[in-house]
Amino acid sequence: MLAYSHGCACRGAAITLAAMQRFAPARALFYILPQIALATRTRGRMTQSGKPASPLKAAIVQVTPFQQNCTLLWDDVTKAGAVVDPGGDLDVIERAIAETGMKVEKILLTHGHIDHAGGADELRERLGVKIEGPHKADIILLEALEKQAKLYQIPDVRNVTPDRWLEEGDTVNLAGHTFEIFHCPGHSPGSVVFFNRAQRFALVGDVLFQGSIGRTDFPYGDHAALINAIKTKLFPLGDDVAFICGHGRPSQIGIERKSNPFLV
Ligand SMILES: [Zn+2]
Ligand SMILES: [Zn+2]
């Protein structure tokens, strides 16, 4: 297990990124976000059912040649959780799942690009769970994954139809934690952001990155729509909200609002 020293200005984040630890292997970077800060923040908070909220834990497993952050997210008490964006390298993901001891109850997809959704159909079959997300506007991408895989010469990719499409205002339940859905088109037409208000945490896919934003030069990209979604839907969530993105390191809304060159 190696200590992971984090260079960015994330100090003070709800999730103390500076204290992230990295363990394991060659190919996959595997981060566990320390939950001390989260646990402190959520002490006394109540879930909708009236029970105290237990902390969520997250681990990032980098998958595919695009180094996509497949994220494992689970409740620290019950161990129930989700795999977010299993783009590929399913054996690596399954090893990470085993290592965390989490019990996967669903798969979540932020959008339909191959590095995020390419392994979803097979993982659904392996684990016997359902897929939620993204927004239906990404059906054009999800139905073209096999074609894309040939183009990029990526093996074991299948087209995928989610069990549930998500829309603005929907909520997703994950082990008793509620995630609000924000439809944030621009990088792809059907990109969604999952936001847990109680723990001040979001999964943003390729909408927003540390110091950057999602590419919009792909087919169906829309730069103006992306900027609009970030500024009108993500910024209002609050500067203290920590997020995990589809590539690169986690960050915080406030840091990006103040210093992201695409947004200031
Ligand atoms: Zn993408
Ligand atoms: Zn991506």
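Phe218 is exposed, with 12 other C-beta atoms within 10 Å; a residue counts as buried with 20 or more other C-beta atoms within 10 Å of its own, as exposed with 12 or fewer, and as partly exposed in between, the C-beta atoms being placed from the backbone. Phe218 sits in the loop that joins strand S14 (212–213) to helix H7 (223–234). Helices (H or I, at least four residues) and strands (E, at least two) are DSSP runs, numbered from the N terminus. Although 30 residues separate Phe218 from Ser188 in sequence, their C-alpha atoms are 8.1 Å apart in space.

The structure is a predicted model, in which local features need pLDDT of at least 70 and side-chain atom pairs count only at pLDDT 80 or more, while totals for chains, interfaces and linings use all residues. Residues are numbered from 1 along each chain as its sequence is written, and chains are lettered from A and ligands numbered from 1 in the order in which they are written. The average pLDDT (the predictor's confidence in each residue, from 0 to 100) is 83 for the protein chain, and 80% of the residues score at least 70. Residues 1–48 have a pLDDT below 50, and this stretch makes 86 contacts in the model beyond near neighbours in sequence. Two residues are in contact if their C-beta atoms, placed from the backbone, lie within 7 Å.

The largest nonpolar core holds 64 residues, of which Leu72, Ile93, Val193, Phe194 and Phe243 touch the most other members. Such a core is a set of buried Ala, Val, Leu, Ile, Met, Phe, Trp, Tyr and Cys residues joined through C-beta atoms within 7 Å. Strand S4 (residues 56–63) gives the most to this core, with six residues, and seven of the eight residues of S4 are buried.

S4 pairs with strand S5 (residues 68–75) in the antiparallel sense over eight bridges; strands pair if DSSP finds at least two bridges between them. Within this pairing, Ile60 has Thr71 of S5 as its bridge partner. The two strands make a hairpin with four residues between them, and Thr64 in the turn has a positive phi of about 70°.

A further sheet is open and has six strands in the order S9-S10-S11-S12-S15-S16, with mixed pairing. Strand S9 (171–174) and strand S16 (251–252) stand at its edges, each with a single partner strand, so one side of each has no neighbour in the sheet. Strand S10 (residues 177–183) and strand S11 (residues 192–196) pair in the antiparallel sense over four bridges, and Ile181 stands opposite Phe194 in S11.
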